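Have the structure open while reading.

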Amino acid sequence: MNEREAMARALDLALRGWGRVQPDPLVGAVVIKGTEPVGEGWHPEYGDRHAETVALADAGEGARGATLVVTLEPCTHHGKQPPCTDAIIRSGVTRVVAAMRDPNPLAAGGCERLREAGIEVEIGPLGDAAAAMNAAFLHRLRNPGRPFVALKLATTLDGRIADAFGGSRWISGDAARDYVQWLRAGFDAIAVGGRTARLDDPALTVRGSVLPKAAPRRVIFDRIADLGPHLTLLRTAHETPTVVVVAPDADRTRVKRIASTGATIVQAGSLSGALASLSEQGIGSLLVEGGGQLAGALLAAGLVDRYYWLQAPLWLGEGGVPAVAGLPTRGLDQAERWRVVERRPLDNDTLLVLDRR
Ligand SMILES: NC(=O)c1ccc[n+]([C@@H]2O[C@H](COP(=O)([O-])OP(=O)(O)OC[C@H]3O[C@@H](n4cnc5c(N)ncnc54)[C@H](OP(=O)(O)O)[C@@H]3O)[C@@H](O)[C@H]2O)c1
C-alpha cells in the first residue's frame, strides 16, 4: 500500500463516521510502515476519540518510524479530546501526510507543531476528495450565517420528478432509495416544499443502515401555511422535531393550527431569511428533497451548495412535473458549470454529486 492508496483507504474509513460525527468533521487515518499497513482508525462519533489516536493505538509499537496518513490536519488544541499532535509525537511516527489543512482556527497549526518536533509533514494528497467529504463542515466555518444546503432529486431522463397524474413513487430503484436513507443520516435537517408535503405525505425519517446520532429535523417550506394536521409530518411533530417555514403574512388561524401540532413556526419573507433562522436554531446542514418549485427557487437565489442527482433511465414527457421550476433564462456564456465530485451507478440509476464552484 503506497501513501496515496493509504489516503484512499483513510477516506473510506472516515465515511464510517457518517451520521455520527457532525458537527465534527469526518476523519480517517492509516499508519503504514514502508508499504505495510500497521494500523487504522476513524473518528467514530461526535466528541469521541480522533482518527489519529485510534489508528496509532491500533498500530501500537508498529507506529515507531512509520508514516501516519490522515484525511485532515491533526489538531493541536484541547477540545473534547487532547491534542492529536501530542499523541503523534509520543508514538514515534516520523512522517505525517495530511490530505488538507484544518481551517478551524481553534484546531489549526498541527503541521507546524509536528515539524517543530522533527516530524516530516506533507499536505495535499487527495485534498479535493477530503474537502468534498467535509463540505458541510467547511461551509459552517466559512459561512456560519446559513446552513450548508444540498438538493437531492430523483429525476427522469427528461428532467421530471413526477408524472402528469401525480405519480412519483418511485422514479428511482431500490439502490438509489437505500442511498437516500444513508444520505439523510448525515444531515441536521431534511426539507421539502409544501406541495410535496401535501401530495406525497412523506415521513422524512431515517430508515437505513446508519442510525444517526440525532434524528434529522424536518422542515417544510409552506408560505401560505396550508398544511393539514393529518399529514404525517405534523402528526409526528411531537416525536421528531419539525419546523414549518411560513410567510410573515400567512393566515394566522392556519399558522396556529400548524403550531398546535407541536411544529415550530419560522416566519420568513425570503428563502435566505428562512435559512438564517434555521441556522440560528442549530441547523448547520439541510438536505432539500424537492419538489421542483422549491428546488428552482433555491437555485435561482444561489442558495444551493451541492446537488445529489439521481438519474433514472425513463422519461415522462411534457406533462410531468419539472425537476427545477422557475429558473431565470441564461445565455450559455453566463451559465455557471458545476463541478462533478462523484459519479457512480446505483443499479440501473446513476448518482451524480455536483458542487457549485
Ligand atoms: N422525484 C423526486 O425526487 C421528488 C422529490 C420531491 C417531490 N417530488 C414530486 O414533486 C411534486 C411537487 O413538486 P412541486 O414543484 O409541485 O412543489 P414543491 O416544490 O414541493 O412545493 C412548492 C411549494 O413550496 C412552497 N414554497 C415555499 N417557499 C417558496 C419559495 N420561496 N419559492 C417557491 N416555492 C416556495 C410554495 O408554497 P406556497 O404555495 O405556500 O408559497 C409552493 O407551493 C410532487 O408530485 C412530488 O411527488 C418528486
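## A strand pair in the sheet

Tyr308 stands opposite Val353 in E16. The model is predicted. Strand E13 (residues 306-311) and strand E16 (residues 349-355) pair in the antiparallel sense, over six bridges.

## The whole sheet

Nine strands form an open sheet with mixed pairing. Their order is E11-E10-E9-E8-E12-E6-E13-E16-E15. Strand E11 (264-267) and strand E15 (339-346) stand at the edges; each has a single partner strand, so one side of each is left without a neighbour in the sheet. From one strand to the next, the twist averages 20°.

Helix H11 (residues 271-280) packs on this sheet. H11 touches E6, E8, E9, E10, E11 and E12. The direction of H11 makes about 140° with that of E11.

## Two packed helices

Helix H2 (residues 51-59) packs with helix H3 (residues 84-91) at an angle of about 20°. Their axes are 9 Å apart. The angle is under 35 degrees, so H2 counts as roughly parallel to H3. Their crossing is left-handed.

H2 brings Glu52, Thr53 and Leu56 to the contact. H3 brings Cys84, Ala87, Ile88 and Ser91. By class, the contact residues are four nonpolar, two polar and one charged.

Methods. Residues are numbered from 1 along each chain as its sequence is written. This is a predicted model: local features need pLDDT of at least 70, side-chain atom pairs count only at pLDDT 80 or more; totals for chains, interfaces and linings use all residues. Axes are lines fitted to C-alpha atoms, for helices over the stretch in contact, and angles run from 0 to 180 degrees between N-to-C directions. Helices (H or I, at least four residues) and strands (E, at least two) are DSSP runs, numbered from the N terminus. Angles under 35 degrees count as roughly parallel, over 145 as roughly antiparallel, 65 to 115 as roughly perpendicular and the rest as oblique. A crossing is left-handed if the near helix is turned anticlockwise from the far one by less than a right angle, and right-handed if clockwise. Two residues are in contact if their C-beta atoms, placed from the backbone, lie within 7 Å. Ala, Val, Leu, Ile, Met, Phe, Trp, Tyr, Cys and Pro count as nonpolar, Asp, Glu, Lys and Arg as charged, and the others, Gly among them, as polar. Two strands pair if DSSP finds at least two bridges between them.
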